[in-house]
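Keep the model open as you read.

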Amino acid sequence: MSHSESHPSTQSRYVFVFLEIFSSEGGIQSYVKDVLQGYTALKHQPPVDVFLLRDSQDCDNPFESSPIFQFHYLRGKSAKLDRIRLAIALFLHLLKHRPQQVFCGHVKLAPLVQMLCQPSGIPYTVFTYGKEVWAPLPSATRRALQQAKAIWTISRYSRDQACVANQLDPQLFRVMPCMVDGDRFTPGTKSEGWIAKYGLAGATVLMTVARLWSGDAYKGVDVTIQALPAIAQVFPKVKYLIIGRGDDQPRLAKLAADLGVSDRVVFAGFVATDDLVEHYRLADVYVMPSQEGFGIVYLEAMACGKPVLAGDADGSAEPLQDGKLGWRVPRRDPDAVAQACIEILQELSTAAVADPSDQTNPCRSNGIWLRQQAIASFGRDAFMNQLKQLFMS
């Protein structure tokens, strides 16, 4: 179940409980890995037992050898039995070690954590991220949130949505935003190889990175496709590079065909994490009129020096600093998306004609300034400072 029993029993230990971290990729998993990585750099913090419901012993865990973490893998052959095994293992651990605090990594685990912690008087904190808490939750889950010591979330918007939907006290919440790795996401020239692969030679490139699942239509890929005819009237060489895969792609492809812009829409499909930076560099503008809990992709694009367009009523207010760092428009309005894209592209072309080396002017299309601002607020140093405050509170 666990990789070692080398840590001595101590009351000061923390416990983390997650659904999964290492067996799948996604925004939640990336965020949790950043939290774990950040925790290893904090001084004078107690060691941590990490319980993982859906990860197994053979998963690729970069923290496996860390002396700070002891991992307990619960994944077996039956999801139902795995939950029972988790409940028993967690119950016995709390009984034996009486940890200082339990951190519950997903709202789906909150009722179990509450049930096990409350009789012993062990405080617990619940991590929330986005849409999983924006609608009314089952009463047991809502009660578990209401009685938590604290609730972490990634943006003010996510906090406000959760409070309204589930009668939660805003004072319970601590905002812990996502982090962008400024060493990994950097500006650079467009790769000739990728340009050739996608047929982007001489093109003005709009780009989105998103899952193309029918359940995630809120990402706004369809709205951006609908905006292309109007953009093309002003920028006739515009193309739209869509990175991601999913069952919604046929609908999006048909929409592009119906609008006569199939030749402008490039479906890149799945792109490996290692190649993502090169793809951001292909873009002139990052466009995603979505409804995000936060939107780490906006930070990644800005760290690569790309101007961004987002929705105007979601968690993207955080990375875009309420519009200071990007364009925010009504997310289901193709005309508004088209108008904003045209404005951004005109700013970019004017800046290039004026003096491409003049990067002193702070404006939303200035790549160097955008990168500086994004990293100052959401880079590793800012993330670590926030994390330290939360673990000390």
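Two strands pair if DSSP finds at least two bridges between them. Helices (H or I, at least four residues) and strands (E, at least two) are DSSP runs, numbered from the N terminus. This is a predicted model, in which local features need pLDDT of at least 70 and side-chain atom pairs count only at pLDDT 80 or more, while totals for chains, interfaces and linings use all residues. Residues are numbered from 1 along each chain as its sequence is written, and side-chain values use heavy atoms, with hydrogens and water left out.

Start with the seven-stranded sheet. It is open, its pairing is parallel, and its order is β3-β2-β1-β4-β5-β6-β7. β3 (69-73) and β7 (173-175) are the edge strands, each pairing on one side only. On average, neighbouring strands are turned by 20° against each other, direction ignored. Axes here are lines fitted to C-alpha atoms, for helices over the stretch in contact, and angles run from 0 to 180 degrees between N-to-C directions.

Is Ile 151 buried or exposed? Ile 151 has a relative accessible area of 0%, so it counts as buried. The cut-offs are these: buried means under 20% relative accessible area, exposed over 50%, and partly exposed in between (1.4 Å probe, protein chains only). Which residues touch Ile 151, leaving aside those up to four places away in sequence? They are Val 126, Thr 128, Leu 145, Leu 168, Leu 172, Phe 173 and Arg 174. Contact means heavy atoms within 4.5 Å. Val 126 is 25 residues from Ile 151 along the chain, and their C-alpha atoms are separated by 4.9 Å.

Next comes helix α5 (residues 156-166). Its buried residues are Tyr 157, Ser 158, Ala 162, Cys 163, Ala 165 and Asn 166. Among the elements that cover them are α4, β6 and β7. Just after α5, Gln 167 takes a positive phi of about 50°.

Turn to the helix pair. Two packed helices are described by the angle between their axes and the distance between the axes. For helix α2 (residues 79-97) and α3, the angle is about 35° and the axes are 10 Å apart. The crossing of α2 past α3 is right-handed; a crossing is left-handed if the near helix is turned anticlockwise from the far one by less than a right angle, and right-handed if clockwise. From α2, Leu 86, Ala 87, Leu 90, Phe 91 and Leu 94 meet Leu 112, Leu 116 and Cys 117 of α3.

The other sheet has six strands. It too is described as open, with parallel pairing and the order β10-β9-β8-β11-β12-β13. β10 and β13 (327-329) are its edge strands, each pairing on one side only. The twist averages 25° from one strand to the next. Helix α10 (residues 296-303) packs on this sheet, touching β8 (204-209), β11 (285-288) and β12 (308-311), and its direction makes about 165° with that of β12.

How is β11 placed? Both of its faces are covered: Val 285 and Val 287 are buried on one side, Tyr 286 and Met 288 on the other. Two bridges join β11 to β8, in parallel, and Leu 206 has Val 285 as its bridge partner in β11. Three bridges pair β11 with β12, again in the parallel sense. There, Val 287 has Leu 309 of β12 as its bridge partner. The chain goes from β11 through α10 to β12 in a right-handed β-α-β crossover. Right-handed here means that, with the strands pointing away from the viewer, the path from the first strand over the helix to the second runs clockwise.

Strand β9 (residues 238-243) runs parallel to β10 and is joined to it by four bridges. The chain crosses from β9 to β10 through helix α8 (residues 249-258), and this β-α-β crossover is right-handed. Within the pair, Ile 242 has Phe 267 of β10 as its bridge partner, and Ile 243 stands opposite Gly 269.
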